[in-house]
Amino acid sequence: MSYDRSMENRETIINELMEISPAIANISRSNVFSVPPSYFNNLAQEVLARIQVEDISFGVKDAPFSVPAGYFDGLAGSILNKINQQKEQSVTEELEELAPLLNSISKAPVYQVPEGYFESLELTIPLKLDKPSARVFSFGKIGRTLQYAVAASVAGILMFGAYMYTSQNTEGDDMVISYDSALNMNVTAELAETNEQEIAAYLNEVPGVGYNVTTTPTSDEINVDEYLETASDDEIKDYLNEYQETGITTTGS
Amino acid sequence: MQLDDKELLQQFKQPETKEKAFTAIIKKYQEKLYWHVRRLVVDHDDANDVLQNVFIKVWKGLENFREDSQLYTWLYRIGTNESLTFLDQQKRKASVSFDEVEAGLSNKIKADEGFDAQKLEWKLQLAIQQLPEKQRAVFTLRYYDEMPYEEMSRVLDTSEGALKASYHHAVKKIEDFIKNH
């Protein structure tokens with residue numbers, strides 16, 4: 001259906017325009033623009049000429065190339081065959097091309113293993129797997145700051161252990177730790193030998209750790225308050241004399 | 001004698017009559033579309049470029065054209081979109097604002113060899129260029145092409161109510177412009 005302006009539609013539009021703006025409705029609709037002579041006569045030919053030019057590029061897309069019959073049916077199979085061939089040949093053929101001399105050398109192992117190693121390996125590995133692993137202590141909800149503090153404490157303990165070790169084994173300047181002795185030191189063993197009080201004393205002395213560490217009371221230690229309540233005067237004197245000798249001061253109640 | 005659109009579309013789908021049918025479509029609609037485009041872009045060379053692009057798009061899309069739509073509505077839709085796209089590209093290329101594009105279009109009108117500032121017809125053209133682009137399309141489709149709102153709704157993809165309001169505003173703005181110039 002073509003677009004034909006009907007008289008009815010024109011009257012409707014003019015009436016509408018008269019209602020909105022009579023001034024505009026009274027303006028002539030004559031065309032004020034001009035068009036080059038015979039422009040419309042040649043437009044169709046110009047457009048078709050451009051389409052033909054652009055069709056050259058469209059032609060590439062629509063080029064009627066042909067493929068052999070059944071090409072796509074066997075394509076996947078032929079590609080897989082080629083891949084499989086390459087897999088089988090790749091190592092030896094590649095080496096043959098790169099270095100034929102290497103390809104001629106036997107690949108038999110030249111290294112020896114203990115007799116019966118591989119037979120016993122099957123038994124050894126399960127035994128290792130069954131061995132209970134070391135107990136893991138979780139920090140749980142301990143804050144990150146405390147974790148750092150613990151790490152710093154461990155590092156301090158190790159250093160303290162190293163110090164103690166070297167101070168026992170060096171003559172003269174006991175602050176000097178020789179490189180060799182530090183290297184040969186069994187830190188774990190030294191740490192195991194260091195008692196809890198020494199570790200606590202170290203941590204309280206080291207500035208920056210920021211934690212007061214107290215040792216767990218042992219059966220040898222005395223609860224001062226309890227002792228003062230129950231002990232006789234002589235026993236108290238003995239107690240005070242004993243601790244004055246060791247240089248520990250007590251704050252009594 | 002002009003063939004109707006349905007016959008032209010059927011001929012276009014036959015390879016042996018494709019070019020003949022397409023030439024007939026161009027001949028049938030070229031002037032209507034040209035003037036619609038020209039009123040929007042003003043300059044003849046610009047209008048020619050846009051119109052040729054419109055018909056090239058028609059050539060590419062005509063085979064898939066759904067015959068439940070009217071061909072002329074579809075052509076106007078492409079023509080309007082191409083014109084507005086062209087104006088948008090001009091703005092981007094020159095990095096100028098919409099006001100500057102309007103001024104450029106008005107200058108093109110004033111540069112026309114037939115321009116007469118005293119004539120109402122030329123004042124009307126200047127007034128049209130003051131409108132926003134979409135409103136300009138609504139006004140020219142209604143005023144010059146006398147297109148019913150129902151058809152215009154399909155061309156511009158806008159409701160009839162919105163088009164009526166837009167046309168009303170456009171006419172009022174044009175009236176104000178002419179009174180004040």
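Which residues touch the most other members of the largest nonpolar core? Hold that thought. First, a word of caution: this is a predicted model.

Let's start with chain B as a whole. Chain B has nine helices and zero strands. Read along the sequence, the pattern is α-α-α-α-α-α-α-α-α. The chain runs to 181 residues, and 33% of them count as buried. Now take the contacts in chain B between residues at least 6 apart in sequence. Of those, 58% join residues at least 24 apart.

Back to the opening question. The answer is B:Val37, B:Leu51 and B:Val138. The core they belong to has 45 residues. Helix α2(B) gives the most to this core, with nine residues. As general background, nonpolar side chains tend to be buried together in soluble globular proteins.

Look at B:Leu51 for a moment. Set aside its neighbours within four places in sequence. B:Leu51 is then in contact with B:Leu33, B:Tyr34 and B:Val37.

Next, helix α2 of chain B itself. It covers residues 18-41. Where is its kink centred? On B:Gln30, and the kink is about 50°. Just after α2(B) comes B:Val42, with a positive phi of about 75°.

Now the partner, helix α1 of chain B, residues 5-12. How do α1(B) and α2(B) pack? At an angle of about 145°, with their axes 7 Å apart. The crossing of α1(B) past α2(B) is left-handed. From α1(B), the contact uses B:Leu8, B:Gln11 and B:Phe12. From α2(B), it uses B:Lys18, B:Lys20, B:Ala21, B:Phe22, B:Ala24 and B:Ile25. By class, that contact has six nonpolar, one polar and two charged residues.

Last stop: where chain A meets chain B. How many residues does each chain bring to the contact? Chain A brings 30 and chain B brings 33. On the chain A side, α1 (7-20), α2 (22-25) and α3 (39-61) each supply at least two residues. Helix α3(A) gives the most to that side, with nine residues. By class, the side of chain A that touches chain B has 18 nonpolar, six polar and six charged residues.

To recap. Chain B is nine helices and zero strands. On the chain A side of the contact, α3(A) gives the most.

Methods: Residues numbered from 1 in each chain as written. Chains lettered and ligands numbered in written order. Predicted model: local features only at pLDDT ≥ 70, side-chain atom pairs only at ≥ 80, totals over all residues. Contact = placed C-beta atoms within 7 Å. Helix = DSSP H or I, 4+ residues; strand = E, 2+ residues; numbered from the N terminus. Nonpolar A, V, L, I, M, F, W, Y, C, P; charged D, E, K, R; others polar. Buried ≥ 20, exposed ≤ 12 C-beta atoms within 10 Å, placed from the backbone. Bend = angle between axes of the 7 residues up to and from the residue. Core = buried A, V, L, I, M, F, W, Y, C linked by C-beta atoms within 7 Å. Axes fitted to C-alpha atoms, helices over the stretch in contact; angles between N-to-C directions. Left-handed = near helix turned anticlockwise from the far one by under 90°.
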